[in-house]
Amino acid sequence: MNKFVGKCAVIAALSGLAGFATQASADVVGNAKAAQGKVAMCIGCHGIPGYRTAYPEVYRVPMLGGQSARYLENALQAYKKGDRHFETMHGIAVTLTDQDIADIAAYYAAQTPSSKNNPDK
Ligand code: HEC
């Protein structure tokens, strides 16, 4: 019985923490416009749609444009923390603040392969 109660307390504490973390990151609002100066170094490797030197067929790195902001944010945070391993992306992600990551995620999420007139390209 005591063991069971203990477990519940741990779970309650953990979900409290998770709730706090969600709350904290929700305060950071991505701004696609602010990302325009921050994505210059990403372009060389992640050929973005509309960037003429790369065609979708020759992408050797994941295409970022059009992925969901939440996914991109999580991926960058995971590289930053080392939860997702890739030397180069870790090196880049550690230089980004939470605000940078949110801005960049918003920037890439605003791009869709089919929207040719997307001003954010
Ligand atoms: C030196 C080349 C290089 C540069 C520069 C680079 N990336 Fe990457 N990136 C990669 C490679 C290679 C992968 C795939 C790594 C893997 O398999 O985990 C990747 C993966 C990613 C992913 C995960 C995508 C997915 O579909 O899971 C994101 C998000 C990302 N990069 C964002 C960025 C951003 C934002 C920048 C600029 C701030 C950037 N990258 C700069 C090479 C690069």
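1. Helices here are DSSP runs (H or I) of at least four residues, and strands are runs (E) of at least two, numbered from the N terminus. On that basis, the elements of this predicted model run α-α-α-α-α from the N terminus on. The chain therefore has five helices and zero strands by these DSSP runs.

2. Of the 121 residues of the chain, 19% count as buried. Among contacts between residues at least 6 apart in sequence, 63% join residues at least 24 apart.

3. Helix α3 covers residues 69-81, which is 13 residues. From its first C-alpha to its last, α3 reaches 18 Å, close to the 18 Å expected at 1.5 Å a residue.

4. The buried residues of α3 are Leu-72, Glu-73, Ala-75, Leu-76 and Tyr-79. Seen down the helix axis, these residues fall within an arc of 165°, so they line one face of α3. They pack against α4 (87-93) and α5 (98-109). On the face turned away from the buried side, α3 carries the exposed residues Arg-70 and Lys-81.

5. Gly-66 is found in the loop between α2 (40-43) and α3.

6. Gly-66 counts as partly exposed because it has 16 C-beta neighbours inside 10 Å, whereas a buried residue would need 20 or more and an exposed one 12 or fewer. Gly-66 and Tyr-107 are 41 residues apart in sequence, yet their C-alpha atoms are 9.2 Å apart in space.

Terms used. Residues are numbered from 1 along each chain as its sequence is written. This is a predicted model: local features need pLDDT of at least 70, side-chain atom pairs count only at pLDDT 80 or more; totals for chains, interfaces and linings use all residues. The expected span of a helix is 1.5 Å times one less than its number of residues. The arc is that of the directions from the helix axis to the C-beta atoms. Two residues are in contact if their C-beta atoms, placed from the backbone, lie within 7 Å.
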